[in-house]
Amino acid sequence: MGLTDVKADIVSACKAAGRKPDSVTLVAVSKFQEADKVEKLLNDGQRVFGENRVQEAEGKYPPLRKKYPDIQLHFIGHLQTNKTKNAVALFDVIETVDREDLAKALRKEMDKQDRELPCFIQVNTGEEPQKGGVAPKDLPALYKTCQDLKLNIIGLMCIPPEEDVPDLHFALLAKLADELGLKQLSMGMSADFETAIKYGATHVRVGTALFGDRQAAA
Ligand SMILES: *Cc1c(COP(=O)(O)O)cnc(C)c1O
């Protein structure tokens, strides 16, 4: 597909949903993609990127940032508490806050580094044991903890189970966000970002439709 096609699809999905095209942010997921492919997208004007491993992003992004200081980097993977220091130093948004000890570790690091990163809470809408994210029933308590810690929670994020039709998961995430008064929804990937926009996604995380297939996991 590529950037032009994905952007056009976002615009038409917004139109179909009666939404403004600029109400959706494209997060280009560059995990396992070479830096030169990222740079090509930067040349074409893309600035928001997502990575799911701290170490990989640390290798790729600092040199790119020197040339493009306005890159905005989202962390979208499982964040180990012992990686919060490096994550807070490198990333601009953390999309995957999913437990109390991580929320506390992030608070501590943000204070230390005097950096306040907007965060999403990741919700495990499919309640899959192997997947990150807080169970829907535990979300209100985690959100309360984050508020007490004064973490800047701007919305919710989910990764629906691969074998499910995503609609119910997107609808559930939208409902949960609405109940908490949260405005941002990070949902939808290459296969289903248009559906996610229909359900109110404000951030779509698109990898292969932009970059082509990923290199085998390093
Ligand atoms: C890899 C990944 C994506 C992008 O997936 P594609 O199917 O390549 O678009 C989106 N979100 C998360 C959390 C990912 O890990």
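Is Cys146 buried or exposed? The points below take up this residue and several others in the predicted model.

1. Cys146 is buried, its relative accessible area being 0%. No disulfide includes Cys146, and the cysteine sulfur nearest to its own belongs to Cys119, at a distance of 7.5 Å. A disulfide requires two cysteine sulfur atoms within 2.5 Å. A search of the whole structure accordingly returns zero disulfides.

2. Cys158 also counts as buried, with 0% relative accessibility. The closest cysteine sulfur to that of Cys158 lies in Cys146, 17 Å away, and this is too far for a bond.

3. Thr84 belongs to helix H4, which covers residues 84-90. Its relative accessible area is 4%, so Thr84 is classed as buried. Beyond the neighbours within four places in sequence, the contacts of Thr84 are Leu79, Leu102, Ala105, Leu106 and Glu109.

4. Asp114 lies in the loop that joins helix H5 (100-113) to strand S5 (119-122). Its relative accessibility is 72%, and Asp114 therefore counts as exposed. The phi of Asp114 is near 50 degrees, a positive value in a residue that is not glycine. Most residues other than glycine have a negative phi.

5. Lys150 is another non-glycine residue with a positive phi, near 60 degrees. Lys150 is placed in the loop between helix H6 (139-148) and strand S6 (153-157). With a relative accessible area of 65%, Lys150 is exposed.

Methods:
Residues are numbered from 1 along each chain as its sequence is written. This is a predicted model: local features need pLDDT of at least 70, side-chain atom pairs count only at pLDDT 80 or more; totals for chains, interfaces and linings use all residues. Side-chain values use heavy atoms; hydrogens and water are left out. Buried means under 20% relative accessible area, exposed over 50%, partly exposed in between (1.4 Å probe, protein chains only). Helices (H or I, at least four residues) and strands (E, at least two) are DSSP runs, numbered from the N terminus. Contact means heavy atoms within 4.5 Å.
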